[in-house]
Amino acid sequence: MNRLIPLLILGLLASAVPTAHATSFREISFADLVEKTEAVVQVKVVSTTSEWTAIPDLRTTAELEVVRSLHGPLTAGQTFDVVEVGGTVDDYTVEAVGFPKFREGDNLVVFLSRWTDGSNDWRVHMYGQGFYEVVKDAAGRDALIAGAVQGEERNGPRVVLTRVVPALMRIDDLVETIQNLR
Amino acid sequence: MIRKITLICAASVALTVLADTTADAYQLLSPQRKWYNTPVMVEFNNNYPETSVTDGDYGKQAITASYFSNNGWNGTGAGTMLDGMILSRNAVQGDGRPTVQFNDPHGYCGGNCLAVTLTGFWHWRGGVEEIDDADIYFSPNTQFTSEREDPSAFWDCSAGEFYIEGVLQHELGHLLGLDHSGVVGATMYSGVSACDKTVDELGNDDRNGINALY
């Protein structure tokens with residue numbers, strides 16, 4: 001019976017409306033999300049730094065510590081950087097509407113891929129659709145909801161959208177679903 | 001165990017329904033921000049035409065019509081919001097010159113991204129944010145079409161193509177300070193489907209949003 005649960009969740013994933021939640025995104029399925037991601041990890045945000053690059057553009061580097069590796073080469077305890085466009089320097093902010101927004105101390109699950117600009121830096125795979133906040137469900141277990149993205153106020157009235165992963169999906173079920181898809 | 005599965009299913013469905021219904025009207029970007037001088041002069045970069053649009057001028061006339069149409073953001077009742085010109089100048093973040101660019105040299109918009117709007121804003125004027133720059137990048141990996149190229153979405157549009165007019169109108173909504181709406185059919189609705197040619201026609205929800213902000 002235990003094997004039925006991930007299958008059931010997979011069915012729910014397939015039937016859930018994939019809500020595009022960003023600037024303009026093509027709607028993708030969970031299978032599409034998993035297919036080209038290089039790594040999936042539960043992380044804690046250690047620090048964030050924003051700076052103007054030589055392009056010039058404003059980017060934020062988030063240092064993340066791996067709490068648990070769900071898929072791919074990153075290992076628990078390891079720290080690594082994720083780079084996203086946007087950030088704040090002095091009184092000036094650049095936001096890429098719908099792109100992931102990191103905050104120190106956040107507990108997240110992120111799907112990762114690489115920038116294709118030659119830097120090979122990590123970035124969140126498929127933007128807001130590969131970016132989830134870890135919360136406790138009613139039973140006190142880790143579960144996922146859509147993480148805050150640029151253009152949303154973290155402490156304001158949040159619009160909770162399911163995006164691709166259903167709200168309050170348990171991490172263990174996510175792991176098993178990923179393994180079934182790959 | 002079956003009871004457990006049933007509970008999981010019920011909770012997931014309930015939350016999915018809840019999630020899809022909580023955002024039932026226009027949303028402003030947060031923190032709220034706006035342009036203090038309108039109309040906003042937007043530059044269309046002519047260096048990299050959108051070559052996937054094969055309507056004779058790479059969508060130039062199509063997007064110009066979309067951009068200036070009285071049914072667009074200029075026709076909401078808030079006044080003339082946008083003006084534009086075609087130039088051969090690349091987008092630069094923070095330069096105070098809003099630019100629409102049909103390529104993505106820095107790789108912002110990959111994967112499933114069709115187009116992205118980057119807004120730059122200052123924190124001042126008594127705590128109110130003022131947008132001073134916004135650049136729109138279209139993905140070079142997406143096949144776009146136009147209403148000139150494919151007048152009938154049903155008969156003409158090829159699978160996987162997106163109408164450039166609708167995507168542009170949506171991005172211009174972000175440029176002006178709107179976030180996604182939960183109203184299905186609104187230009188600022190969070191989802192867009194291939195061959196949907198209705199997105200460039202603003203709905204009441206879009207008009208209400210821009211009128212509330214401006």
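A residue is called buried if 20 or more other C-beta atoms lie within 10 Å of its own, exposed if 12 or fewer do, and partly exposed in between, with C-beta atoms placed from the backbone. In helix α4 (residues 204-213) of chain B, B:D205, B:D206, B:G209 and B:I210 are buried by that rule. This is a predicted model, in which local features need pLDDT of at least 70 and side-chain atom pairs count only at pLDDT 80 or more, while totals for chains, interfaces and linings use all residues. Residues are numbered from 1 along each chain as its sequence is written, and chains are lettered from A and ligands numbered from 1 in the order in which they are written.

**The two chains in outline**

- Helices (H or I, at least four residues) and strands (E, at least two) are DSSP runs, numbered from the N terminus.
- Chain A contains 3 helices and 11 strands, and its order along the sequence is α-β-α-β-β-β-β-β-β-β-β-β-β-α.
- Chain B contains 4 helices and 8 strands, in the order α-β-β-α-β-β-β-β-β-β-α-α.
- In chain A, 45% of the 182 residues count as buried; in chain B, 46% of the 214 residues do.
- Two residues are in contact if their C-beta atoms, placed from the backbone, lie within 7 Å.
- Of the contacts in chain A between residues at least 6 apart in sequence, 62% join residues at least 24 apart.
- In chain B, 71% of the contacts with a separation of 6 or more come from residues 24 or more positions apart.

**Strand β7 of chain A and its partners**

- Two strands are said to pair if DSSP finds at least two bridges between them.
- Strand β7 (residues 107-114) of chain A pairs with strand β2 (residues 39-52) of chain A in the antiparallel sense, over 6 bridges. A:F111 in β7(A) is the bridge partner of A:V40.
- Strand β9 (residues 131-136) of chain A runs antiparallel to β7(A) and is joined to it by 3 bridges. Here A:V110 has A:F131 in β9(A) as its bridge partner.
- Strand β8 (residues 122-124) of chain A is also antiparallel to β7(A), with 3 bridges. A:L112 stands opposite A:V124 in β8(A).

**Helix α3 of chain B**

- The expected span of a helix is 1.5 Å times one less than its number of residues.
- Helix α3 (residues 164-176) of chain B has 13 residues and should therefore span 18 Å, which agrees with the 18 Å between its end C-alpha atoms.
- This helix, α3(B), is mostly covered, as 13 of its 13 residues are buried.
- Just after α3(B), B:G177 takes a positive phi of about 120°.

- An α-helix has 3.6 residues a turn, so residues three or four places apart point the same way.
- In helix α2 (residues 60-68) of chain B, the residues B:A62, B:I63, B:S66 and B:Y67 are buried. They cover an arc (taken from the directions from the helix axis to the C-beta atoms) of only 130° around the axis, so they lie on the same side of α2(B).
- The cover over the buried residues of α2(B) includes β3 (82-87) and α3 of chain B.
- In α4(B), the buried residues are B:D205, B:D206, B:G209 and B:I210. They cover an arc of only 130° around the axis, which puts them on the same side of α4(B).
- B:N204 and B:A212, on the other side of α4(B), are exposed.
- The cover over the buried residues of α4(B) includes α3 of chain B.
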